[in-house]
Amino acid sequence: MAGGRSPADPPPAKHRKESSATVAAASLGDDVLFEIFIRLPSLATLVRATYTCRAWRRAVASFGDFRRRFRETHPAPLLGLFFDPPGADQTPALPIFPSFVPTRGASRDLAAAVRGGDFFLTSLQERPGGLHGWDIHDCRGGYILVGNRAQKAMAVLNPLARGSERFFGFGHVHDDNLHGEHGLPVAHDACRLCCSESEVALDARLLCSDEDPKLFRVIIIAHDKSRARATVFSSDTGEWSVHQWADVPPISLPMPFKLQLLNSNMQANGMLHWVYSNLRHMLTLDTVTMEFSVTELPLWVRASECCFVVGETNNGTPCIVYVFKFRVYLFLQTIDDDGVKRWMVDKRTSLDAQLDGLLGKLKDKYSELQVVAIRDGFAYLAASARYHYATTPRWVLSLCLETMKLEKMFQRPYECCVHPYVMPWPLSLVGNYGSFALKYGTKST
């Protein structure tokens, strides 16, 4: 038999000769390659392209300048929304677990990114307690901050990077932070990771790094009637640091007063924001200097009937989106000649006509819009049912702050909290991360 080969043996592999086009593509210089990549439609498409060729992946991962340029010209795409189920705070004994809904009509590349991720959060489901008690506190930079009050535990997860979960307890944070005005500890079961009626309340936020996607901080704010303090967990050191109590700058408020957290996602340009219960003033934490300050809110947002959130435009400018009924107002933060920060109206518009086109006769079932989050130049709105006891699901919509164009997204139960999940820069495309960097070196400056 020719060559001594048995008929049962598989046929010899055919060696395909590389085409001239393949060789030419692989030999492109970095400058030419980056000019091609910068014209791709989205981050998800860039990821797909770089994974077809090791040299391309190495080039993109090694140059921080290209990473910054791509982010500036390509808004990070929305992959979907996480929802806390209704009654997460009222029924801790029942299975309570976040759910995820991908963006409708997403491109093939975005859909592939979702399929490749762990958006079921299986690492949480496999832990003791399973589906009980986990709810989302913040969602930033591709990370999700979740907490379990019964277990006194928190976790930071990245659904697109399997095995990157960080679990840690916050019991010692309670012990160190929860003291009343006279230094007496407050009972643990009177406190929780959100605003409460106790002497001291806690609120957890997430901060991420644009330059190094693997780094994050968790900031827990403790506050009572006249003071506030920050306790910070750093993923770089794996340790907590406790800052000193700071007296809140005096403002004319009837005593007693409290901080009212209108939305757990109020963050802009490295600043964390909380609103006083009189809706006149806002407490701000500068996460660089870790200093607190109090500023006055615009006159228009002080009505109890309004709904507003602090966030950023697509170029990073701090903004307030304020909604009253079906009208929306956009305030931008400006600095006058004296260096004083002020909120100025930039845009105002009625969304009635757009809602008529999107919802048709269903619009009659809703009485108003509520703004629930702001991310990367988009405000996310929820249509509230005309009667609160009605079972009509609320529509979740997105509003582009640049064009004021409204788009319909999902229908969800009335009480759900909304957390937009925006695709982060993948860890595998950062030259100073993991075994890829050790093998191929970096040029990340």
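Where is Ser398 found? Ser398 is found in strand β23, residues 394-400. The points below start from the model and return to this residue.

1. Basis. This is a predicted model, in which local features need pLDDT of at least 70, side-chain atom pairs count only at pLDDT 80 or more, and totals for chains, interfaces and linings use all residues. Residues are numbered from 1 along each chain as its sequence is written, and side-chain values use heavy atoms, with hydrogens and water left out.

2. Overall make-up. The protein chain has 10 helices and 25 strands. These are DSSP runs numbered from the N terminus: helices are H or I with at least four residues, strands are E with at least two. Of the 445 residues, 48% count as buried. Buried means under 20% relative accessible area, exposed over 50%, and partly exposed in between (1.4 Å probe, protein chains only). The accessible surface comes to about 22,300 Å², and 53% of it belongs to carbon and sulfur atoms. These areas come from the Shrake-Rupley method with a 1.4 Å probe; for residues, only the protein chains shown count as cover.

3. Contacts. Contact means heavy atoms within 4.5 Å. Among contacts in the protein chain with a separation of 6 or more, 50% are between residues 24 or more positions apart.

4. Ser398. This residue is buried, with a relative accessible area of 7%. Leaving aside neighbours within four places in sequence, Ser398 touches Ala379, Tyr380, Lys405, Leu406, Glu407 and Met409.

5. An unreviewed UniProt entry lists residues 30-62 as "domain: F-box". UniProt positions are given in the numbering used here, feature names are shortened, and annotations may be inferred rather than shown by experiment. The span is 76% helix and 0% strand, and its end C-alpha atoms lie 11 Å apart.

6. Helix α2. In this helix (residues 30-37), Leu33, Phe34 and Phe37 are buried. They cover an arc of only 95° around the axis, so they sit on the same side of α2. The arc is that of the directions from the helix axis to the C-beta atoms. What covers the buried residues of α2 includes α3 (43-50), α4 (54-62) and α5.

7. Arg39. This residue lies in the loop between α2 and α3. At 63% relative accessibility, Arg39 counts as exposed. The C-alpha atoms of Arg39 and His74 are separated by 9.3 Å, with the two residues 35 apart along the chain.

8. Aromatic pairs. Rings of Phe, Tyr and Trp (its six-membered ring) pair if their centres lie within 6.5 Å; planes under 30 degrees apart count as stacked, over 60 as edge-to-face and the rest as tilted. By this rule there are 17 aromatic pairs. Phe70 and Trp425 have ring centres 5.9 Å apart and planes at 70°, so this pair is edge-to-face. Phe70 lies in helix α5 (residues 64-73) and Trp425 in the loop between β25 (417-422) and α10 (434-440), so the pair ties together parts 355 residues apart in sequence. Both residues, Phe70 and Trp425, are buried. Ring pairs also link Phe34, Phe63, Phe66, Phe70 and Trp425 into a cluster.

9. Charges over rings. The test is NZ of Lys or CZ of Arg within 6 Å of the ring centre and within 35 degrees of the ring normal. Lys363 lies over the face of Phe326, 5.0 Å from the ring centre. The charged end of Lys408 sits over the ring of Trp395, at 4.9 Å from its centre.
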